[in-house]
Amino acid sequence: MKNCVACGMPMSKPEDFAMGDISKDYCVHCAHADGSMQSYPEKLESLTRFIVKTQGFDETAARLSAEHMMARLPAWQRRG
Ligand SMILES: [Zn+2]
């Protein structure tokens with residue numbers, strides 16, 4: 001089993017992978033409709049919204065938390 005390089009989600013079945021392609025290293029939630037991976041700002045934005053919704057953090061706290069989460073993920077190690 002792989003974990004998504006961009007959000008850390010475990011990918012156990014083909015539907016979890018971008019485009020259902022198990023050779024991809026990122027999940028369906030981190031892919032654009034055309035199958036390409038979302039950029040750092042896009043992912044940060046969606047993760048921030050996700051944390052606000054699921055944990056009730058305010059925008060600033062959620063963004064910080066999202067930045068911390070993403071800092072540990074392989075997709076963003078080489079950023080910048
Ligand atoms: Zn993902």
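These questions and answers concern a predicted model with a zinc site and a helix, H1.

Trainee: Which residues coordinate the zinc ion?
Mentor: The donor atoms lie at 2.2 to 2.4 Å from the metal. Along the chain they follow the spacing C-x2-C-x19-C-x2-C. The donors are the SG atoms of Cys4, Cys7, Cys27 and Cys30.

Trainee: What is the geometry of the zinc site?
Mentor: There are four donor atoms, with angles of 105 to 115° among them. Four donors count as tetrahedral if all angles lie between 85 and 135 degrees. The site is therefore tetrahedral.

Trainee: Is Asp16 buried or exposed?
Mentor: Asp16 sits in the loop between strand E2 (10-11) and helix H1 (40-55). Beyond its neighbours within four places in sequence, Asp16 contacts Met9, Pro10, Met11, Cys27 and Val28. Its relative accessible area is 10%, and buried means under 20%, so Asp16 is buried.

Trainee: Why do the buried residues of H1 line one face?
Mentor: The buried residues are Tyr40, Lys43, Leu44, Leu47, Thr48 and Ile51. An α-helix has 3.6 residues a turn, so residues three or four places apart point the same way. Seen down the axis of H1, the buried residues fall within an arc of 135°.

Trainee: Which helix do the buried residues of H1 pack against?
Mentor: Pro41, Arg49 and Lys53 are exposed on the face of H1 turned away from its buried side. The buried residues pack against helix H2 (59-71).

Trainee: What is the distance between the end C-alpha atoms of H1?
Mentor: H1 has 16 residues, and at 1.5 Å a residue these should span 22 Å. The model agrees with this, as the end C-alpha atoms are 21 Å apart.

Conventions. Residues numbered from 1 in each chain as written. Predicted model: local features only at pLDDT ≥ 70, side-chain atom pairs only at ≥ 80, totals over all residues. Heavy atoms only, no water. Helix = DSSP H or I, 4+ residues; strand = E, 2+ residues; numbered from the N terminus. Buried < 20%, exposed > 50% of the residue type's maximum accessible area, 1.4 Å probe, protein only. Contact = heavy atoms within 4.5 Å. Donors = N, O, S within 2.8 Å, 3.2 Å for Na, K, Ca; no water. Tetrahedral: all angles 85-135°; square planar, octahedral: opposite > 155°, others 65-115°. Expected span 1.5 Å × (residues − 1). Arc of directions from axis to C-beta.
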